[in-house]
Amino acid sequence: MSNFSPLSLDDVRTAGQRLAGGPLPADFWPQCQTLLEELLRWNQSIRLVGHRAMGEAWLNLALDGLAMVPLLGPGRLLDIGAGAGFPGLVLALALPALTVTMIDGRAKKVSFQKHAARLLGLGSRVAPVVGRAGEGALAGQSFDFVSLRAVTDVAGSLALARPFCRPGGLILLPRAQADEAACLANGMAIHPYELPQLGRRLVATLRAPA
Ligand SMILES: C[S@@+](CC[C@H](N)C(=O)[O-])C[C@H]1O[C@@H](n2cnc3c(N)ncnc32)[C@H](O)[C@@H]1O
C-alpha cells in the first residue's frame with residue numbers, strides 16, 4: 001500500500017513488544033521476518049493475501065496477531081479461516097507453550113501453512129487442516145482458545161467458534177473498531193489496542209460457560 005510510511009525494524013519491534021505485553025522468544029523476530037518474506041514470495045505467483053509490501057505485512061499480519069498474545073496462555077488454539085496462517089503462525093512463534101490448529105477451506109492457503117510450518121521448524125505444534133468449520137471438519141474436537149480473523153461477521157464468527165470451544169475456554173475475534181457495538185451486543189469483552197499507522201482496533205473475547 002503506497003500510502004504507508006516506511007517502518008524500520010526497530011519501530012516494528014518496539015510496537016510488537018508493547019502489543020505482546022511481555023518478552024517474546026529470542027528467535028521471534030527473525031522467524032517472523034522469514035515467514036513474511038516467504039509469504040510475499042509465494043504471493044507473487046499464488047495469490048494468498050492482499051498485502052504486497054513488507055511494511056503492510058508487518059502491520060496487518062504480524063503486529064495485529066501479537067495483540068492477541070496477552071489474552072492467550074498455554075493450551076490448544078484453533079484458528080478458523082486462518083488463510084495463509086494468520087494469526088495462527090504468528091501466535092505459534094510468539095507462544096512456545098501453545099499448539100495451533102489452523103483450518104481453511106482453500107487448499108492453496110493451507111499448502112502455504114504447511115510449507116511455512118516446516119520452514120520455521122514448528123513441527124507438531126502446528127496442525128494445518130483443509131476444510132470448512134461448520135461443515136463437518138474437526139467435528140467433536142474442542143480447544144482452549146478459538147480465534148477467527150476476517151472470516152465473517154461477529155454473530156457468524158461466534159456461531160462457527162462455539163462448537164469448538166471447551167467449557168471455560170475463550171473465543172477471540174480480532175475486529176475493526178467499527179465492530180465494537182456488534183461485539184458488545186453479543187456479550188463480548190473488548191480489548192482495544194493501537195497499531196502504528198492503522199489506529200485503534202480491538203480483540204473481542206467471549207468466555208464459554210464452564
Ligand atoms: C479474508 S480471509 C482471512 C484469512 C486470515 N484469517 C487473515 O486474517 O489473514 C478469510 C478466510 O476464511 C476462510 N473461511 C471462510 N469460512 C470458512 C469456514 N467455515 N471454515 C474454514 N475456513 C473458512 C476462507 O477460505 C478465507 O481464506
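Reply: Before the strand partners are discussed, one term is needed: two strands pair if DSSP finds at least two bridges between them. The model is a predicted one.

Me: Is strand E4 mostly covered or mostly uncovered, and how many of its six residues are buried?

Reply: A residue is buried if 20 or more other C-beta atoms lie within 10 Å of its own. Strand E4 spans residues 143-148 and is mostly covered. The number of its six residues that are buried is five.

Me: In what sense does E4 pair with E1, and which residue of E4 is the bridge partner of Ile80?

Reply: Strand E1, residues 75-80, is joined to E4 over four bridges, and the two pair in the parallel sense. For Ile80, the bridge partner in E4 is Leu148.

Me: What is the handedness of the crossover from E4 to E5?

Reply: E4 also pairs with strand E5, residues 165-176, in the parallel sense and over four bridges, and Phe143 stands opposite Cys165 in E5. Between E4 and E5 the chain passes through helix H6, residues 154-161. This β-α-β crossover is right-handed.

Me: Through which helix does the chain cross from E2 to E3?

Reply: Strand E2, residues 98-104, runs parallel to E3 and is joined to E3 by five bridges, and Met102 has Pro128 as its bridge partner in E3. The β-α-β crossover between E2 and E3 is right-handed, and its helix, residues 107-119, is H5.

Me: Which residues around the ligand come nearest?

Reply: There are 17 residues around the ligand. By class, this shell has eight nonpolar, four polar and five charged residues. Those that come nearest are Gly81, Gly83, Arg132, Ala133 and Arg149.

Me: How far apart are the end C-alpha atoms of residues 80-103?

Reply: UniProt, in an unreviewed entry, lists residues 80-103 as "transmembrane region". In the model this span is 29% helix and 29% strand. Its end C-alpha atoms lie apart by 5 Å.

Me: Which two residues does the cis peptide bond join?

Reply: Most peptide bonds are trans. Here a cis bond is present, with omega about 10°, and one of its residues, Pro87, is found in the loop between E1 and helix H4 (88-94). The two residues joined are Phe86 and Pro87.

Me: Where is Leu138, and is this residue buried or partly exposed?

Reply: Most residues other than glycine have a negative phi. Leu138, although not a glycine, has a positive phi of about 60°, and its place is in the loop between E3 and E4. A residue needs 20 or more other C-beta atoms within 10 Å to be buried; Leu138 has 19, so this residue is partly exposed.

Terms used. Residues numbered from 1 in each chain as written. Predicted model: local features only at pLDDT ≥ 70, side-chain atom pairs only at ≥ 80, totals over all residues. Buried ≥ 20, exposed ≤ 12 C-beta atoms within 10 Å, placed from the backbone. Right-handed = clockwise from strand over helix to strand, strands pointing away. UniProt positions renumbered as here; feature names shortened; annotations may be inferred. Near = placed C-beta within 6 Å. Nonpolar A, V, L, I, M, F, W, Y, C, P; charged D, E, K, R; others polar.
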